[in-house]
Amino acid sequence: MMAEGMDFLPEELWASISAMHGMGIFWKDRQRRFLGANRYFLDFYGFDSLDAILGRTDEDMGWHPHPDFFCQDELRVLQGETTSMVKGQCMAMGEQKTIVASKRPIFRDGEVVGLMGYFLDMTEEYKQREHLKWIADTDALTEIMNRRSFERELELWFARGIKSGNVLSCLMFDIDQFKPYNDYYGHPAGDGCLRKVAAAAREAVWERGGIIARYGGEEFVALLCGDKALAQNAAERIQQALAREAIPHEKSTVSEVVTVSIGIESAYAKDMLECWDYIANADKALYLAKKRGRNRIIHWIDCDEEVERD
């Protein structure tokens, strides 16, 4: 049966469209009220018949978490534009779904009288994409960012810092005398130690709006939007969290438990030649922290000692 208001479509075309599978097809008038939809559309939202939607808008149906987004999209279409593969969310039978929708105006005698559109359910595909992205960006052992994803974020933060005039702080830290720990307790225990250090540091960094990554081996790096005082506070919180964790380290010459040495660089982004200077300077400060006895925090800005790394 042809939906009311769609009499300008040939009946054979309407019948073919209504029977299409794999995409939800719909029609609306100039007030964005539904005139019709195919069987897939109704099944997707859990309706038995068109009566559930005819004459109603998306807002009446309440199935979009962000209705203004789709409303503005359709208003552009009713001005004569065509939109293609616009991503959004909707609620269908109690579940949030990810869809992509395409819409085009319907003309009669040269005037827009409504719109026609279709959507594809991309929920599972986007979940898979997000999972693959998480795998690509995450260190498998510690479940924090890996080096590649951190360096990508560092470039973005640096660019924003130049525009905003903000101070950025980079913290480089590693586990004191980790090789003797690994040799004495074994690699499984070493992996467990890395996970615990990452978890303790992650909370301290995330609480201050920063990001953290495993940079390689037992070395970690964090980035904060803030000055030396904020970075110092975060570094102290990392050390305090590890002290509470009290991971035994019988082979340490510094403490009976696992500790970290931390190097920090804090500077206005506009004063740095490139983003990598943050890492280079924090790394030099870390070297000095270890050279001066380990289990301590050193700010590069306070250093007057030349550093030559091996």
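**Close-up 1. Thr57 in the loop between α2 and α3.** Thr57 lies in the loop that runs between α2 (39–45) and α3 (58–61), where helices (H or I, at least four residues) and strands (E, at least two) are DSSP runs numbered from the N terminus. The model is a predicted one, in which local features need pLDDT of at least 70 and side-chain atom pairs count only at pLDDT 80 or more, while totals for chains, interfaces and linings use all residues. Residues are numbered from 1 along each chain as its sequence is written, and side-chain values use heavy atoms, with hydrogens and water left out. With a relative accessible area of 11%, Thr57 is buried (buried means under 20% relative accessible area, exposed over 50%, and partly exposed in between, with a 1.4 Å probe and protein chains only). Apart from neighbours within four places in sequence, Thr57 is in contact with Gln31, Arg32, Arg33 and Phe34, contact meaning heavy atoms within 4.5 Å.

**Close-up 2. Asp137 and its surroundings.** Asp137 belongs to helix α5 (residues 123–137), and its relative accessibility of 11% makes it count as buried. Its side chain is joined to that of Arg152 by a polar contact of 3.0 Å (a pair of N or O atoms within 3.5 Å; within protein, one must be able to donate a hydrogen and the other to accept it, and residues adjacent in sequence count only if both atoms are side-chain atoms). When residues up to four places away in sequence are not counted, Asp137 touches Ile144, Met145, Asn146, Ser149 and Arg152.

**Close-up 3. Helices α7 and α8.** The axes of α7 (residues 178–185) and α8 (residues 187–206) come within 6 Å and cross at roughly 135°; these axes are lines fitted to C-alpha atoms over the stretch in contact, with angles from 0 to 180 degrees between N-to-C directions. The two helices are therefore oblique to each other, given that angles under 35 degrees count as roughly parallel, over 145 as roughly antiparallel, 65 to 115 as roughly perpendicular and the rest as oblique. Phe178, Tyr181, Asn182 and Tyr185 of α7 meet His187, Ala189, Gly190, Cys193 and Leu194 of α8.

**Close-up 4. The largest nonpolar core.** This core has 31 residues, and Leu171, Phe173, Ile175, Val197, Ile238 and Ile262 are those with the most contacts inside it (a nonpolar core is a set of buried Ala, Val, Leu, Ile, Met, Phe, Trp, Tyr and Cys residues joined through side-chain atoms within 4.5 Å). Helix α8 gives the most to this core, with eight residues.
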